[in-house]
Structures are given as structure tokens and as C-alpha cells.
Protein chains: 4
Amino acid sequence: MIERAPAQSPRADMVRNRQLLLTAATEAFAEGGVDVSMGEIAQRAGVAKGTVFRHFPSKDDLLAAITLRLLDGLVGTAERLLKADDAGAALREFMTAGVETLTADRAFCEVIGRPSLQHAEVRAEIARLCDTVEALTARAREQGAVRGDITGTDVVLLLGGIHQTAAPVLDQQPQAWRRYLELAFAGLFATGARALPHHPPAGLHLTDPRQSARPAGGSPPSPARRRQEVTTTKGHTD
Amino acid sequence: MIERAPAQSPRADMVRNRQLLLTAATEAFAEGGVDVSMGEIAQRAGVAKGTVFRHFPSKDDLLAAITLRLLDGLVGTAERLLKADDAGAALREFMTAGVETLTADRAFCEVIGRPSLQHAEVRAEIARLCDTVEALTARAREQGAVRGDITGTDVVLLLGGIHQTAAPVLDQQPQAWRRYLELAFAGLFATGARALPHHPPAGLHLTDPRQSARPAGGSPPSPARRRQEVTTTKGHTD
Amino acid sequence: MIERAPAQSPRADMVRNRQLLLTAATEAFAEGGVDVSMGEIAQRAGVAKGTVFRHFPSKDDLLAAITLRLLDGLVGTAERLLKADDAGAALREFMTAGVETLTADRAFCEVIGRPSLQHAEVRAEIARLCDTVEALTARAREQGAVRGDITGTDVVLLLGGIHQTAAPVLDQQPQAWRRYLELAFAGLFATGARALPHHPPAGLHLTDPRQSARPAGGSPPSPARRRQEVTTTKGHTD
Amino acid sequence: MIERAPAQSPRADMVRNRQLLLTAATEAFAEGGVDVSMGEIAQRAGVAKGTVFRHFPSKDDLLAAITLRLLDGLVGTAERLLKADDAGAALREFMTAGVETLTADRAFCEVIGRPSLQHAEVRAEIARLCDTVEALTARAREQGAVRGDITGTDVVLLLGGIHQTAAPVLDQQPQAWRRYLELAFAGLFATGARALPHHPPAGLHLTDPRQSARPAGGSPPSPARRRQEVTTTKGHTD
DNA sequence: TATGAATGAGTATTCATTCAT
DNA sequence: GATGAATGAATACTCATTCAT
């Protein structure tokens, strides 16, 4: 109902809308977490609700797309830093970038933090991130810049942990994460410290959540659950 | 639907139900986060929905009750450890207990992590926890067991951070948090490390969420939002 | 579930649905009073519950829309009659139309009758009605057709009163209101009668109900009451 | 659980409670209308909810009991006035008392106004009231104090109408009903006025609402409706 | 392709009523 | 008889998703 400039290709508009949506959704989720409604995102992007669903068949797909963009960014950063001379400094820089990213995006944390929220693609990208960061970490280990028992997966996991440490005071002290990042560095670079217990996680090669059903005591998965398999963890029963 | 012990007084059943509810709710929230419905909790506890509301007039009250139990436990632990000789070991023990507690309860983290989810009582108890832990930390500092720039609030915040670090692999490796706890200790006890940047948070003396409205760019607060001021952050639109 | 005329634009259906809803709601409220549920209205209109809320974001809005339609009709009638030569006859005609309207709609009375049920818009329209009717009445007074101490607000109030007089026998004698209307005329046009006591109401310029809390003796306003500020007056306890 | 003074007879307490309840309920309903909850009434009376139900098996029964008391009062007043010399003045006095009673009790109006809210006993008492008032009116007619075409049922109905006229301004002008009562007198006593149209209602000998089902278009009476047959008119659907 | 109206399952919460103590 | 805990149907309202235009 609103005219659009006749763009170069018929697809130009679609591409534009996709960008608009990703931007709006990133912002919206960042501010409000995964519970922000599709309607609000549509509105922020200035498109109709139907358009959101044309581009992303479900809310989960949209969440996945956004998360992937962020993960890609981190992977890119890690890859770039792989070329730096000082591997310790590179690791520092990567982690700083990583925590900053998380701090800006609440939804990202929620998605990353809950296995049940994850798309296959996201899981794959997480694996890629872990691999790249493992390379980064390996170099730092070899250069003696980090303690020897630290893995790439540790580093990736720490990103979320450091962010979470500062999260409760985020409103009052938006930079507090820097404090806890430094504290983590102190641990990470404490080459003389006592060895870490418990073997390092094998990576975040998370299993498909659909296979790890309710551990115990739950009711059978109601049919109404079918929709929303991924987004919601709302158990329910009735 | 559930057998009942032939209790002596009508209160006996009520007490039992309250316990049943707290247990069921703790479990349910731990598994599914704060979005688990009251209906599911009722069912898990084997009572009718109305019974949940008789015991906890609103979902927030239930959440608060659960959270308070956990916080009380932590405060108790901290108080007990205040009497230990070795303040460093005491701090270690407190943090171990703390992270373990968190690991058992996802909702706890969500409630603690989001100022907007908090009851006045919960905020008060958090303050109390911070104070007690500050005392614990002060002793450790004085004994030279921890670096000098660590506060009690730092310690409390770290509990959530350490837990979060391991959370993504919780299903596969339920003990992974021990690894990151030790790593945190390495940072905390690294007395020679470089000073932490950014002054320590003043405590978790969180402000009343009703005063810190949506920061920016949001949609106008729909009137229907009025309900549920505390629990939900769900935006919506259409 | 219901046949639809093959309309030209998507709006056609929407308009139709809006009409369907207003009609169904008017009927439903007329029969059952304001306590009829939104679900029943949806069903009567042959639409889903969500559709009702798309058109009228809350029950109050629906009630207000219906009431406004009726008020508008009355204002229109009054304005038209302002041009008549015989002001007394015009007033008679207006009142006849008014009572007839009310008789067709119970909810209208409940909404008009209770200050606490009112939308700002409804209050404004009531004020407009009073003003127009005051003009009508003033002319009748000047022409000596009505007693001198009758105001427009009196006339508007009488509409509800006359309707109410006949309401208990509405089912058995749907035209009984004509009898009481005539009786009211006899009072109104009784120019020689003794003066009315108590000064006339200043108009129905009702105050915002949120400022006039429970007068006395009540229970403390439960927080859960916040929702539904307008529609319900349901106290509760337990 | 609370000791009570060992009253004369074992029933003394019951009688007391019944009074307490009737008083509390009258007040509560007067203030809040029929939607006040049984819980609130119990609380106001200082008894437990169960006690309310022991005395009045359902909310309708309680409502009926209260309404009967008021009706009884009116019948008593009418009977007393039957002995007065000046029948016109007696009628005036009766109506004044009647409207005043109504004005003090919102629930009474709701119950009287809606056939569907009525108990058989209430209907019988209304009939008795009509009869008594008919006698009162007949005397006034015979004395030429009222116009000849006015019946006792007219008078009873007018009570509600006059009250309703002033109801919308009740908060601001609690005495406004006197104005409309006088206006009604002017009509009633206007012996020279034109004859009233439409034959007078045969009385309020209302039919059992259960026999006059939904007139048209409604949904089938849901089984869940069975309870609450009288009180609620809440249709519902889903 | 974009739109936005319609859908309908889901949520928290209320309240009359029942029943064990 | 009194108590108050438990019940469960009902209600207003939300939101992901579908589908006609």
C-alpha cells in the first residue's frame, strides 16, 4: 500500500527488509531479551508482521539468524587475531571484544546459555567458534602467556560467565564487566596457580535438545508443544 | 490423586502442600526458567491451581519465596563461616557452596540477574547477603588470603558468573563449575596481579525497577502491560 | 465457519467483523449486562476471541464503543430536534427516542449509571449530550412548555429513570415504558406544581473514578485489583 | 479456634452469626453491588467462609435473605401507613421511605431489577408488597389525592425509577433523589393530566426465569452453568 | 511479495463452593 | 457448628503463526 522506489532487482526490497528486520530484531532482543514479541520487532522494523514470518518462518529462526551474525562476528575477530604476534595480548583482545558483544545483547546470552534454545546452525557455528578460539588459545599456551590447562572452549564459556558476573549491576554500572574480565585474566594468566580440577569441556558440541528429554518426573510431551519446539522451554502440562 | 498421610491437624496438610509446592516450583523453575506456568507447578505438586494461589498470591510471590529460601541458605552458610579461623579457606568454602546452590536452580539466577524480577524482600535479603559476605571477604583480605581490591559484592556477583560459565555444558558435564570456580580462585588469590580496573560495585542495593523504565526506543507502554509489572518483560505489539 | 461475502478488499471483512462484533456485543450486553464474557461475544459474532481484542483492545473499549454509538444517536436526535418549532413537542419526542434506546440496551444503563464504568470519551460524550439537551430544554422552558426549574441534565437523567421504572416488567410488557414516560411528562409539564427541592445536578460531568476510591469501611485495595480498573467492581477477599 | 463465651443455648452463636452475616452482607452489597465476593462478606462479618455457606447455601440465598429483609421493611411501612388518615400524604411518605431504602442499597436494585436474579421467595414478597401498596394507592385514588389511573404496581416500579434517575449523580449529590421524587409526585398528583397510555402492569408477579430461556441466538446452556443458576447471567463460551 | 486481520492455544488470576479437620 | 484449605471452572488478555487479499 506504500509505494516503493522501483529498485534494481525485484529482490532488492526483500534484501532491504531482511536487513531492516535483523537490525530491528537485534536491537529489540538486546534490550528486552527473547521474550520480545514478533509484533514489536515488526513494528520496529517498520514492516508488517507477515513480512517477519516470510523472512524467518518462526521466531526461532529469527533468533538463530541474529545469533549467527554475532557468532560470525566473534569468529571473524578470532580469525583476525590469529595473525597477531603477541598471542597473549590477542587473547585478551578477543575476550574483551567477546564480553562487550554479550553485554550489548541480552538475547544472545539467553540463546547461547540454554541448549534448548538452539538451532542446528547455531550449534555448528558455536563449534566453529570454539575451534577458532582453540587455535588462538593454543598459541597463547605455547607462548607461555596463559596457563597450560586452558582450552578454547574454556575461553568461550568464560565470555558468558564474565558477562553474567557484571549483569546484575549492568544498569547502574555498565562498565563493570571490565573489572571481572581483568579478574578472569588474573586467573587465566596465573601460570603458577594450582591446576584446574575437572577436565575441560570437550567443546560446546551440544546435542540436539530434542533428544535429551525431560530428565525425570515430567509428563509426556503434550501435542500442543509441537509448535515452539525450540523457543520455549515452558514446560507445561495440564 | 496423591496419598496423604493421615495428619493430625488441618494445618498439617497445608504445611505439606506448601512444601510440595516449594519443591515442585523449585524444580520446575530450575528446569524451565521463570516462564514455567503456574499450572505446571500446580500439577507437579499434585494440587489444583487455586491452591498455588492460596499459598502464593502471585507468581512473583512464589518466585520470591523460592529465591528467599536460597538466599537464606547462603546467608546462613556465610554467617557460619565467619567463625572459621582460616578466612581464605572459609571464603573458598562459601563460594563453593554458593555456586553449587545456583547450579541447582536456574530460576534463581534469572531472578537475581534481573532487577526487574525482584520483590522488595528479595532485594533486602540480597543486601544482607552482600553485607555478610563483605565481612567474610574483609577477614580474608586482612589475612592476606585474597587480593586487596576484592569486595563482598564482587564475591556475590562471581557466584552467578561462575555458574553461568559452566551452564552451557551443565547437561553434559554437571561438575564443570568446579573447574571455573578454581579458575576464579586463581584470580582472586593472585595477590600479585595487576590491579582491577573500574571501582567495585557499591553492592547489589538495586533500585526499585518501577523507576527505571524502558531505557530507549521502545514502544509506548501498553496499558494492558500494567498487570504483571514484575514477572514479565514480554513486550508485544501488533 | 460463517459464510463471507466475497469482498473486494481485506478491509471489507474487517469492517464487517467490526459491525458483527458491535451488533453481537450490543445484543449480548443488552441481554446479560456488562458481565457477559468476551468469549461469548466472540462466539455470538462468529469470530475468534482474538478478533474481539484486535478490534477493541479491552472490554472497556468495547463497552465504550457501544455506549458511544448510542450516545451519538441521542445527541444527533437532540440536535435535529433543536430546529423544531414546537419546543415542547420536540422535548417529548427526544425523550421518547431516548427511553426507547435505553430500553434496547441494558449495558448502556449500567455503563451510564456507574461513574466507575466510564471511559474518558464516554464521559465527554455524556457532557455533550447534556449540553445539547440543555439547549432543547431551555427552548421548551422559554416557550412555557415545561416547568421553569427543569434542566437538560434532569432530562437526561430522567431517561434512565423512566427506563428503569419499566425494566422489571420489560419481558412481560415491553411497551410499559410509554406509560411511565407519559407520567414523567405529566410531572415535567405540570407548570403549576410545587417547586422541586434540591438544586438541579450540575450536569453529568463526572469525575475520574480513579480519584474517588472506596468511600469507607472497605478492605484494603488489593494489588491484584489494579487490572480492570474500569470494568469490574468486584470486591473479593479470602 | 477462638473461644466464644458459652452462650445460653447452643444455637445462640448461630443466631448471632446469622445477624452478623446479614448485616455485613447488606453493607457490603450496598456498597459494592452484587459482585462483592462471598469472601469479603465473610471477612466483614468476622467469620470464616464456610460459615457463610452454612447459613446461606449459596450466594443467591444470601442475596435473597437480604432482599427479603428490605422488602419486609417496605411492606411494614406500607401496612403502617394504611392506617393514616390522609392517604395522599401516606403515599408520599411511603415513596420517600422506599426511594431512600433503594438509594442506600445498590444490590437491592440489581436484584429487584433483574428477574433472573430472583428467588421464588423474593418474588412472593414483591407480590405482597405490590398488594399492600395497591391498597395504599387505592385509598389515595378514592380520596382523589392521586390520579385515577395509578396502581400500586406503578408505585412500586416508580421507586426503582426514581432512584435510578438520581443514581448517576449519587456520589456527588446524595440527596438528588428528593428532586426526582418530587417531580414524580407532580406527575402522580396531576389529576388533570392526560390519561396514561398502555395499561398498567399486572403486578410484578414475575415468572420463574428458568422458564423464559434465552430468547434468541444464544449458545446452548453450558453444563457448567448449572451452578449459579440464579446469580450470574454471565454467559460464557470459549 | 507485503500486508495485517483472524486464529486459538496459553497465561495469570479470581471466586463460589465443597469438605476434611 | 465453625474453620479455612482445596478445588476447578471461568475470565480477560497475549502472542506466535496462518492466510486471504
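**Helices in a predicted model**

Helix H5 of chain D (residues 87–103) has 17 residues and should span 24 Å at 1.5 Å a residue, which agrees with the 24 Å between its end C-alpha atoms. The expected span is 1.5 Å times one less than the number of residues, and helices are DSSP runs (H or I, at least four residues) numbered from the N terminus. The model is predicted, so local features need pLDDT of at least 70 and side-chain atom pairs count only at pLDDT 80 or more, while totals for chains, interfaces and linings use all residues. Residues are numbered from 1 along each chain as its sequence is written, chains are lettered from A in the order in which they are written, and side-chain values use heavy atoms, without hydrogens and water.

Buried residues (under 20% relative accessible area, 1.4 Å probe, protein chains only) in H5(D) include Ala87(D), Gly88(D), Leu91(D), Phe94(D) and Met95(D).

Helix H8 of chain A and helix H8 of chain B (residues 152–166 in each) have axes that come within 7 Å and cross at roughly 155°. H8(A) is therefore roughly antiparallel to H8(B) (angles over 145 degrees between N-to-C directions). Among the residues of H8(A) that meet H8(B) are Leu157(A), Gly160(A) and Gly161(A).

In chain C, Met38(C) belongs to helix H2 (residues 38–45) and counts as buried at 9% relative accessibility. Beyond its neighbours within four places in sequence, Met38(C) is in contact (heavy atoms within 4.5 Å) with Val52(C), Phe53(C), Ser58(C), Lys59(C) and Leu62(C).

Notes. Helix = DSSP H or I, 4+ residues; strand = E, 2+ residues; numbered from the N terminus. Buried < 20%, exposed > 50% of the residue type's maximum accessible area, 1.4 Å probe, protein only. Axes fitted to C-alpha atoms, helices over the stretch in contact; angles between N-to-C directions. Parallel < 35°, antiparallel > 145°, perpendicular 65-115°, else oblique.
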